[in-house]
Each structure stands twice: as C-alpha cells, then as structure tokens.
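Please consult the sequence and the coordinates alongside the text.

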Amino acid sequence: MQLLVFILAYPFLWLISILPYRLFYLFSDFVFFLVYHIIGYRKKVVRDNLELVFPKKSKEEIHRIQKDFFKHICDMFLEMVKTMNLSKEDVKKRYHITNVDCILDIEKEKSILVPCSHYANWEWNVSLNLYVQSKGYAVYQKVANVYFDRMVKKFRSRWNTELITTHETVKTVIRNEKKGVKSIYGMVSDQSPMVVHAHYWDSFMGITVPIYNGTEVLARKLDLAVVFLKVSKVKRGYYQAEFIPITLAGKHTAPNEITKKFIELAEQQIREKPEHYLWSHKRWKHRDKVPPEFQ
C-alpha cells in the first residue's frame, strides 16, 4: 500500500516541482482556496492557538493572521516540493544569508549546533551547507511511508547535507567530536516533546509548556557553539536568514541559559510577523500538565 501511494503521488509532485514560478504560485493560491475555504483544515486549531497566545488581539486581527498563515503554509509546503528540482543557483537567490561570515569564523574553532523554529521556510535551511566547510547534518523526523522517507532524504540531502533522525543525533555528535570531525548540526527545536520525556518546562509565548533542551545538553557536555538561525520571509518565494550566536562555548554557560535564549529569540521572531509561524500544530497542548517544580 505504501508503494502504491508513492507511485500515484510522485508524478504529481514532480510536475509541481517543475512548474514556472508564476504558475507554481497560482497553483498555491488554488491549494489555499481548497484548504482554507472548502476543507477548513485545522482552522479551529490555528484559531485556538492564536487566541491563546495573543489574548489582547481583536477577533479581526486573529482572523487576518489565521488567513495569512494558511496562505503562507500552502506556499511553504509547495516550496518543499519545489526542492526536488531546485538548483543551487536558484536557492541561493531565493534564500539569502546576510552574515555567512559569522558561521565561517566559528566553524574554524569548533562544531556548531544551529537551532531554529518552525518559522518562514525551515525546509530551505539545509541550503546553508552550500556555504560552509564543515560536515553538515540536518536533524529530521522520519516519514512513516518508507518510500516518501527515501525521497525526502534524497532531495533534502542535495546540498551537502546528511540527514539524521532525532534518535541518531546524540551518538552522531559524540562520535564526530571523538574523531575530531568539525560539523554543523541544524535542528528545529520548538516542537512539543511528550510529557514522559520532558525534562524542562518554561514559558513559550506566555504559556508554560515542555521544552526540548537537547541542544543545551549537548552544547554544555561537549563545549559546542550554539547559533540561532533567524529566517524572515522577505516576499513571496524569497527568504532572508541571519545567524545570531547564543554561545561560543557551551561548557561556560549556566543551566538553562541556552534554552532560555533560544526561546527568547524564537518568540521575538514570531511576534514580528506571527503569520509565518506554524500554528497548525498543538504546540501548547500540555499546558495543563505542568509539574509542581515548574509551576
């Protein structure tokens, strides 16, 4: 069944990926109309999340952000498909890094953890490995369909990036450090961990929830640098990335310092243009399960 689904879907995805940009974004407009006006996919989840974290915004503001979010996420999903046939020249033009020298200077000294949030176009973040000298890794969650998983790994790995699962991350980082292999690890770090695996809770957009702190644990244990990747949507189909150092020496940071700084930077990014954040996931679903020590 997985193979059948893949065989049926792949030609359609490939055709989307080769569309000229004008037709590509017209098709995205059509997908938005279906998703937002006809299907109504997760509209309630998005609205509930927005009302939760922006209690002072009017219904009109919430509605505008919700609608703009769905327009953006349709673009972003299709841009992920576009990666199948996106050239290096094209991605460099559409995903511009403003201060690449920042990361080039740090990588001369040590390995770098690069956390980011589900903001703007996190799929094209893997293109940063076109600029660096170190071995590039991207942490991802495995796709249930094995054929789609292979496809995703193939087109995400086109720009000198090796994909590793969340379960492979720790052993990969430790192995590389023991061998003296300087590497850069990109990871989306604002997901909602399962409560049973949550070791740290903190306020995120004003709501106390479990927070992944694996980046900090690795940085402090192995004395790695941590650099936040801030991505902004300049206009449709064009993004701008900026590296913001959190620490150049993880072992010299205080407990929770790295995680708190990541949360702060992620919140600043979201508040600037909230429509470009991923509101369709239940990020705050565990807010009523806060352990006593974190209340």
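The points below are grouped by topic.

This is a predicted model, in which local features need pLDDT of at least 70 and side-chain atom pairs count only at pLDDT 80 or more, while totals for chains, interfaces and linings use all residues. Residues are numbered from 1 along each chain as its sequence is written, and side-chain values use heavy atoms, with hydrogens and water left out.

**Sheet**

- Seven strands form an open sheet of mixed pairing, in the order S1-S9-S8-S2-S5-S3-S4.
- Strand S1 (95-97) and strand S4 (161-165) stand at the edges with a single partner strand each, so one side of each lacks a neighbour in the sheet.
- From one strand to the next, the twist averages 30°.
- Strands (E, at least two residues) and helices (H or I, at least four) are DSSP runs numbered from the N terminus, and two strands pair if DSSP finds at least two bridges between them.
- Strand S2 (residues 112-116) pairs with strand S8 (residues 225-235) in the parallel sense over two bridges, and isoleucine 112 stands opposite alanine 225 in S8.
- Helix H9 (residues 214-222) lies across S2, strand S5 (183-188) and S8, and runs at about 165° to S2; axes are lines fitted to C-alpha atoms, for helices over the stretch in contact (heavy atoms within 4.5 Å), and angles run from 0 to 180 degrees between N-to-C directions.

**Threonine 161**

- Threonine 161 lies in strand S4 and is buried (under 20% relative accessible area, 1.4 Å probe, protein chains only), with a value of 5%.
- The side chain of threonine 161 reaches the backbone oxygen of tryptophan 159 at 3.2 Å, and a polar atom of that side chain lies 3.3 Å from the backbone oxygen of valine 126.
- Not counting residues up to four places away in sequence, threonine 161 touches Val126, Asn129, Gly136, Tyr137, Ala138 and Arg156.

**Salt bridges**

- The count comes to 13 salt bridges, each a side-chain nitrogen of Lys or Arg within 4 Å of a carboxyl oxygen of Asp or Glu.
- Aspartate 29 and arginine 236 meet in one of them (2.7 Å, N to O).
- Aspartate 29 lies in helix H2 (residues 21-39) and arginine 236 in the loop between S8 and strand S9 (238-247), so the pair ties together parts 207 residues apart in sequence.
- Arginine 94 and aspartate 90 form another, with the closest N and O atoms 3.6 Å apart; both residues lie in helix H5 (residues 88-94), four residues apart, and both are buried.
- Salt bridges that share partners join Asp29, Asp75, Lys233 and Arg236 into one network.

Conventions. Buried < 20%, exposed > 50% of the residue type's maximum accessible area, 1.4 Å probe, protein only. Polar contact = N/O pair within 3.5 Å; in protein donor to acceptor, adjacent residues only side chain to side chain.
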